[in-house]
Amino acid sequence: MTSQEEELQDEPSSVPNQGADWCPMLGEPRSRLFQEISQVQLQQVSPTALAYLGDAVYELYIRMFFLLPPQRPEAYHRLVVAQVRAETQAEILRSLYPHLRSTELEIVRKGRNAATGRPKRLDPETYQQATSLETLIGYLYLSDFQRLAELLQKLQLEK
């Protein structure tokens, strides 16, 4: 690690709400990666596929959140894994429930019902809730990115 990186690591982050800053950055390239999806096409995407997409979007959000201050790769990995594990995702979903609209609650329900085959270390309810969160994130990424950013900013992430 260079002395400049060490200095940055010792200083408190000068970015007060990094979660809010990255959201526009993620949305911008998104529009260049693929065509917008119509509502009809969106309805054809299975909850499992939405969860698959949501898993990737959520992990990218978490990785961006912990990017600063600079750290060793092992530290990044530890921080990210703690946030993307099913137990944490289930907690996050529970914290978001009061903020969800009726259409979003329906997507959560569909994601819960689509959750099949869970890891042995998890109870079914935790796995269903984590899958529901991923389904919601995937759905909002495709349908209403601003709403997704609004909900992600409500997360109580700590560095």
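These are my notebook entries on a predicted model of one protein chain.

**Entry 1: the overall layout**

I began by counting the secondary structure elements. The protein chain has nine helices and zero strands. Reading along the sequence, I wrote the pattern down as α-α-α-α-α-α-α-α-α. Next I looked up burial: of the 159 residues in the protein chain, 37% are buried. I also checked how far apart in sequence the contacting residues sit. Among contacts with a separation of 6 or more, 73% are between residues 24 or more positions apart.

**Entry 2: helix α8**

With 20 residues at 1.5 Å a residue, α8 should span 28 Å, and its end C-alpha atoms are 28 Å apart, so the two agree. Is α8 mostly covered or mostly open? I found it mostly covered, as 15 of its 20 residues are buried.

**Entry 3: where α5 meets α6**

Then I turned to a pair of helices. Two packed helices are described by the angle between their axes and the distance between the axes, so I looked up both. Helix α5 covers residues 73-84 and helix α6 covers residues 86-96. Their axes come within 5 Å and cross at roughly 55 degrees. That angle makes α5 oblique to α6.

Which residues do the touching? On the α5 side I noted A82, Q83 and V84, and on the α6 side A86, T88, Q89 and I92. By type, the residues of this contact divide into four nonpolar, three polar and no charged.

**Entry 4: a closer look at Q83**

Q83 had turned up in that contact, and I wanted to know what else surrounds it. Q83 sits in helix α5. Its relative accessibility is 16%, and because buried means under 20%, Q83 counts as buried. Leaving out residues up to four places away in sequence, Q83 touches Y58, I62, F66, T88, Q89, I92 and L157.

**Entry 5: salt bridges**

How many salt bridges does the structure hold? I got six, and I followed some of them up.

R147 has another partner. It also forms a salt bridge with E150, where the closest N and O atoms are 2.6 Å apart. R147 and E150 are three residues apart in helix α9, so about one helical turn separates them. Are the two partners buried or exposed? At 4% relative accessibility R147 counts as buried, while E150 is partly exposed, with a relative accessible area of 36%. I also jotted down a network: salt bridges that share partners join R85, E87 and R121.

R109 and E106 are three residues apart in α7, about one turn of the helix. An α-helix has 3.6 residues a turn, so residues three or four places apart point the same way. At 33% relative accessibility R109 counts as partly exposed, and E106, at 31%, counts as partly exposed as well.

Technical notes
Residues numbered from 1 in each chain as written. Predicted model: local features only at pLDDT ≥ 70, side-chain atom pairs only at ≥ 80, totals over all residues. Heavy atoms only, no water. Axes fitted to C-alpha atoms, helices over the stretch in contact; angles between N-to-C directions. Helix = DSSP H or I, 4+ residues; strand = E, 2+ residues; numbered from the N terminus. Parallel < 35°, antiparallel > 145°, perpendicular 65-115°, else oblique. Contact = heavy atoms within 4.5 Å. Nonpolar A, V, L, I, M, F, W, Y, C, P; charged D, E, K, R; others polar. Expected span 1.5 Å × (residues − 1). Buried < 20%, exposed > 50% of the residue type's maximum accessible area, 1.4 Å probe, protein only. Salt bridge = Lys/Arg side-chain N within 4 Å of Asp/Glu carboxyl O.
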